[in-house]
Amino acid sequence: MLDEMSRPLIRGRPEGGASRRLEASMSDPGTPLVGILGTGDFSRSLARRLVASGYQVVVGSRTPKRSVALFPEEAEVTSQMEAASQADLVFVAVFPEHHSTLVELKPALAGKTLVDVSNGLRINLDGPSNAERLADLFPESFVVKGFNTISAWSLQMGPRDGSRQIYLCSDSSKAKSSVMQLCRRLGFIPVDMGLLSSSLDLENLPLYLFPSWRLPILCTLCLFIFFYLYNFLRDVLQPFVTTGKSAFYKMPIETVNVTLPSVALVMISLVYLPGLCAAFLQLRWGTKYNRFPNWLGPVAQQEEAVWAVQLPVCGSTRHLQSVPSHEEVCPLQTAQHGF
Ligand SMILES: NC(=O)C1=CN([C@@H]2O[C@H](COP(=O)(O)OP(=O)(O)OC[C@H]3O[C@@H](n4cnc5c(N)ncnc54)[C@H](OP(=O)(O)O)[C@@H]3O)[C@@H](O)[C@H]2O)C=CC1
Ligand SMILES: [Fe+3]
């Protein structure tokens with residue numbers, strides 16, 4: 001990992017790599033061609049991953065000559081118009097406030113799939129989303145929202161950790177399935193989020209800090225107050241009242257130190273509790289194919305929030321609703337949950 005971190009995010013172009021034409025494309029006309037508009041961090045990481053996964057890549061830039069050195073040798077860096085004309089599937093790796101500068105590409109992008117990867121700067125609850133605005137700008141193209149929850153770093157390093165899932169939505173099922181296929185080939189797991197109207201939720205997703213953490217934090221706080229008061233009464237106040245011995249110096253460090261392990265122990269027990277309840281219900285019913293009752297659902301999700309941090313392998317809660325799907329969703333956790 002240290003080695004990976006010390007490696008530059010973008011590898012320099014090797015000497016002699018001046019040819020901008022895709023030699024691979026000449027030799028293998030069957031290799032799918034993917035276009036990217038923009039030459040920023042996201043575009044460069046995506047280009048590297050696409051090239052590594054066997055795609056031909058054509059990148060559209062306002063200043064192709066300046067950007068060419070930033071991309072792998074196998075990628076073609078050209079004008080925005082040329083990239084838009086060549087590829088049938090085009091990633092728009094440009095900030096949403098600059099989407100309107102791409103309107104002159106409208107004829108070239110007609111009938112093609114546009115993947116909007118953009119995120120907003122703040123949570124937008126009222127809409128329209130960036131993707132919906134892009135779809136309005138390019139009514140003849142098929143806009144797919146996706147890849148916005150994946151960082152440039154994860155894209156470049158490949159899907160090794162928890163960020164394997166790519167949420168996608170679009171009004172065109174054909175365009176969506178072509179992007180899903182691309183996701184799989186890149187090694188990610190596409191998740192179909194339905195129509196483009198879901199794009200607002202997808203754009204808001206990366207902006208939520210620790211979703212579902214309100215209840216666990218509240219529990220921790222309440223437990224801390226409870227145990228602190230208990231330890232204060234027992235170790236500080238009681239000796240003072242009964243023997244007149246002042247132990248108030250214990251309050252800032254010793255009492256806190258005794259309190260924290262108790263809080264941690266109760267919290268970890270609470271994390272396992274929904275799993276135990278679920279296992280008990282399964283034993284009682286004699287089958288693992290029944291759905292869990294609704295009251296267990298929200299509790300189970302809280303457990304999942306904690307698991308998601310401990311084991312960033314699976315962010316899904318499906319296994320708690322329907323056990324047979326658990327192994328396919330998160331095999332690593334199956335062993336941890338014990339059912
Ligand atoms: N970086 C990340 O980790 C992630 C980024 N995203 C999304 O990807 C998109 C691009 O992000 P990122 O690559 O980081 O951004 P950068 O600022 O690094 O790159 C944006 C690129 O847009 C191009 N561009 C086209 N038109 C304009 C214009 N009018 N003004 C300025 N730039 C323009 C530029 O390329 P050129 O000059 O060659 O035309 C520029 O390199 C954003 O929408 C972002 O929300 C989503 C997930 C993760
Ligand atoms: Fe799980």
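**View 1. Helix α3 and its span in the predicted model.** Helix α3 of this predicted model covers residues 41-52, and its 12 residues reach 17 Å from the first C-alpha to the last, close to the 16 Å expected at 1.5 Å a residue. The helix is followed by Gly54, a residue whose phi is positive, near 95°.

View 2. Because 9 of the 12 residues of α3 are buried, the helix is largely enclosed by the rest of the structure. The buried residues are Phe42, Ser43, Arg44, Ser45, Leu46, Ala47, Arg48, Arg49 and Leu50. What covers them includes the strands β1 (33-37), β2 (56-61) and β4 (89-92), together with the helices α8 (152-157) and α9 (173-186).

**View 3. The shell around ligand 1.** Of the 22 residues around ligand 1, those that come nearest are Gly38, Thr39, Gly40, Ser61 and Ser118. By residue class, the shell around ligand 1 divides into 13 polar, 7 nonpolar and 2 charged residues. For the complex, the predictor gives an ipTM of 0.96 and a pTM of 0.70.

**View 4. Phe147 in the loop between β6 and α8.** Phe147 lies in the loop that runs between β6 (142-145) and α8, and it has a positive phi of about 70° although it is not a glycine. Most residues other than glycine have a negative phi. Phe147 counts as buried because 25 other C-beta atoms lie within 10 Å, where 20 or more are needed.

**View 5. The segments with pLDDT under 50.** Over residues 1-6 pLDDT stays under 50, and for this segment the model has 1 contact beyond four places in sequence. Over residues 301-339 pLDDT likewise stays under 50, while the model has 57 contacts beyond four places in sequence for that segment. Where pLDDT is low, the predicted coordinates should not be read in detail. For the protein as a whole, the mean pLDDT is 82, and 77% of the residues reach 70 or more.

**View 6. The protein as the setting of the close-ups.** The secondary structure of the protein comes to 16 helices and 8 strands, and 31% of its 339 residues count as buried. Among contacts between residues at least 6 apart in sequence, 64% join residues at least 24 apart.

Conventions
Residues are numbered from 1 along each chain as its sequence is written. Chains are lettered from A and ligands numbered from 1 in the order in which they are written. This is a predicted model: local features need pLDDT of at least 70, side-chain atom pairs count only at pLDDT 80 or more; totals for chains, interfaces and linings use all residues. pLDDT is the predictor's confidence in each residue, from 0 to 100. Two residues are in contact if their C-beta atoms, placed from the backbone, lie within 7 Å. Helices (H or I, at least four residues) and strands (E, at least two) are DSSP runs, numbered from the N terminus. The expected span of a helix is 1.5 Å times one less than its number of residues. A residue is near a molecule or strand if its C-beta atom, placed from the backbone, lies within 6 Å of it. Ala, Val, Leu, Ile, Met, Phe, Trp, Tyr, Cys and Pro count as nonpolar, Asp, Glu, Lys and Arg as charged, and the others, Gly among them, as polar.
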